Amino acid sequence: MQLNGEHLLSLVITLILFLLPSLLAARKIGGAEDYSLGNRASGAPIVSGAIVGTIIGGSATLGTAQMAFCVGLSAWWFTLGSGIGLLILALFYAYPLRQTGLSTIPQFLVAHYGKFAGPITSLASSAGIFFSIIASMLSCFGLISAILGVSSLAAAFATVGLVCLYVFGGGIRGAAWSGLCKTGLLYLTLVIAGTTALASLGGISGLQTAFSSGPWLSLLGQGGGVALSNAGSLIIGIISTQTYAQAIFAARDPHTAMVGSITAATLTIPIGLPSVLVGLFMRANHPDILPLHALPLYLSNYLPAWLGGIALAALLLSAIGSIAGLALGIGSMLSGDILRELCGLQNNRFQLWANRGSILFVCLFAAHFVLHHLDSLGLDWNFLSMALRGTGIFIPLTLAILCPGKLRPAIAVCSMLAGLLASLVWLLLYPGYGNPLLPGLAGSLVVVLTGVLLTPASIID
């Protein structure tokens with residue numbers, strides 16, 4: 001990637017301007033709850049900003065263009081499935097979750113199923129979210145390496161440093177405002193990029209001519225089973241993820257939580273299409289490039305230099321914001337559900353720094369992991385992540401929302417363990433046969449149905 005002074009100037013100025021909200025928010029942090037939940041006073045913009053700032057990250061942009069370069073239109077499933085998941089979260093889960101006044105999904109499940117549900121949920125959810133951080137870090141490493149021409153190790157240090165600037169100080173409030181700003185910037189630049197890419201291909205008819213053979217222009221291009229499995233993983237994973245629930249818990253009231261989630265869904269669904277168009281354009285015109293470089297190379301070579309620099313900064317902010325939001329979710333569970341509840345550490349100031357320390361630890365560990373898996377596809381890690389974080393949590397969580405009190409705590413805990421165990425066994429025995437969503441859900445569901453059928457109605461009531 002050849003960048004001139006105009007590219008770099010507009011890139012640096014954009015980064016500084018869009019990191020300022022998070023840095024300024026750090027001055028207003030009063031404690032652990034303010035850091036992770038904004039004192040539960042967030043309006044719909046903050047709720048939607050916290051969600052889109054995380055979900056519209058490296059996988060929704062760089063990863064989508066990378067997969068479109070390889071498989072075509074079916075790469076759109078990431079933002080399409082994510083948006084559907086957020087819409088379901090808004091309509092059926094946001095109101096009852098916010099109404100509880102709790103802080104995390106593990107706390108919600110503990111309230112319904114007892115103390116053993118908490119650590120299982122925290123560890124399973126954290127492990128699943130970790131793989132999403134991996135996906136965004138892959139995109140971020142590739143982008144920084146391409147922009148600056150540095151090694152992956154140097155890109156790793158730069159990524160961790162930028163994440164700390166993004167979320168370490170300002171918490172959810174800073175991340176939310178930065179998320180809204182960078183989403184607007186992404187829409188502006190990616191719509192221009194997607195439109196010019198489609199025009200260069202000759203419009204819809206030219207696109208159909210260039211990709212007349214094979215399943216390039218089908219949402220089911222990788223097969224119906226793969227598409228449904230990936231979409232299901234995204235929907236179930238989003239519903240079961242602390243990061244998105246945390247934005248709901250931060251809302252000032254249940255109605256605000258619902259409106260913010262619907263807004264986030266509306267913003268998420270279409271954002272993948274411009275990246276798909278750019279990926280297809282680069283496949284048609286530059287088939288020998290690295291797939292991960294499809295979007296940044298287009299932005300630097302086919303847009304005016306000043307706009308290309310802004311677009312590259314928006315991509316970098318999207319990847320950084322996603323890592324930051326996901327790490328914030330893990331940090332909240334580790335500090336709130338494990339250190340506070342299990343270890344009895346109640347000091348508010350200590351919890352604040354424990355949350356920040358957890359974020360830093362997670363980022364460093366993820367960076368180390370990514371350095372040993374640089375050739376992998378980011379979206380593959382994301383689909384796996386969504387499946388793992390949902391298989392043990394989704395069914396007990398849904399029953400607690402829709403049918404509270406109808407599932408005995410012992411059965412719920414066993415179903416969580418069964419779902420996780422089935423997912424891990426599937427991965428070990430059949431590593432080349434897609435993600436473990438269906439086996440994991442089946443394991444959890446079998447335990448739930450067996451427990452319900454064998455439990456006398458008098459005990460349930």
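Biologist: Is threonine 391 buried or exposed?

Modeller: This is a predicted model, and in it threonine 391 has a relative accessibility of 0%; because the cut-off for buried is under 20% relative accessible area, the residue counts as buried.

Biologist: Which helix is threonine 391 in?

Modeller: Threonine 391 belongs to helix H18, which covers residues 378-391.

Biologist: And what is threonine 391 in contact with, beyond its sequence neighbours?

Modeller: If the neighbours within four places in sequence are left aside, threonine 391 is in contact with Gly419, Leu420, Ser423, Pro436, Leu437, Gly440, Leu441 and Ser444. As for glycine 237, its C-alpha atom lies 8.1 Å from that of threonine 391, although 154 residues separate the two along the chain.

Biologist: Pro396 is in H19, then. How many residues of H19 are buried?

Modeller: Seven of the nine residues of helix H19, residues 394-402, are buried, so this helix is largely enclosed by the rest of the structure. The buried ones are Phe394, Ile395, Pro396, Leu397, Thr398, Ala400 and Ile401.

Biologist: Now threonine 159. Where is it, and what does it touch?

Modeller: Threonine 159 lies in helix H8, residues 152-168, and is buried, with a relative accessible area of 0%. Apart from neighbours within four places in sequence, its contacts are Met137, Cys140, Phe141, Ile144, Ile320 and Ile323.

Biologist: And serine 358, buried or exposed?

Modeller: Serine 358 has a relative accessible area of 10%, and it is buried because that value is below the 20% cut-off.

Biologist: Let me switch to helix packing. At what angle do H14 and H15 pack?

Modeller: Helix H14, residues 272-285, and helix H15, residues 294-302, pack at about 80°, and their axes are 9 Å apart. The two helices are therefore roughly perpendicular to each other, since angles of 65 to 115 degrees are placed in that class.

Biologist: Which residues meet between H14 and H15?

Modeller: From H14 these are Ser275, Val278, Phe281 and Met282, and they meet Ala294, Leu295, Leu297, Tyr298 and Tyr302 of H15.

Biologist: What about the surface, which residues form the nonpolar patch with Ile16?

Modeller: Ile16 forms that patch with Leu9, Val12, Ile13, Leu17 and Leu20, and together these residues have about 550 Å² of accessible area. Isoleucine 16 itself lies in helix H1, residues 5-25.

Biologist: Last topic, the whole chain: how many helices and strands, and what share of the residues is buried?

Modeller: The secondary structure comes to 22 helices and zero strands, and 60% of the 461 residues count as buried. The accessible surface of the chain is about 17200 Å², with 70% of it belonging to carbon and sulfur atoms.

Biologist: And what share of the contacts comes from residues 24 or more positions apart?

Modeller: Among the contacts in the chain with a separation of 6 or more, residues 24 or more positions apart account for 86%.

Methods
Residues numbered from 1 in each chain as written. Predicted model: local features only at pLDDT ≥ 70, side-chain atom pairs only at ≥ 80, totals over all residues. Heavy atoms only, no water. Buried < 20%, exposed > 50% of the residue type's maximum accessible area, 1.4 Å probe, protein only. Patch = residues over 30% accessible without salt bridge, like charges linked within 9 Å, V, L, I, M, F, W, Y side chains within 5 Å. Areas by Shrake-Rupley, 256 points an atom, 1.4 Å probe, with all protein chains shown as cover. Salt bridge = Lys/Arg side-chain N within 4 Å of Asp/Glu carboxyl O. Helix = DSSP H or I, 4+ residues; strand = E, 2+ residues; numbered from the N terminus. Axes fitted to C-alpha atoms, helices over the stretch in contact; angles between N-to-C directions. Parallel < 35°, antiparallel > 145°, perpendicular 65-115°, else oblique. Contact = heavy atoms within 4.5 Å.
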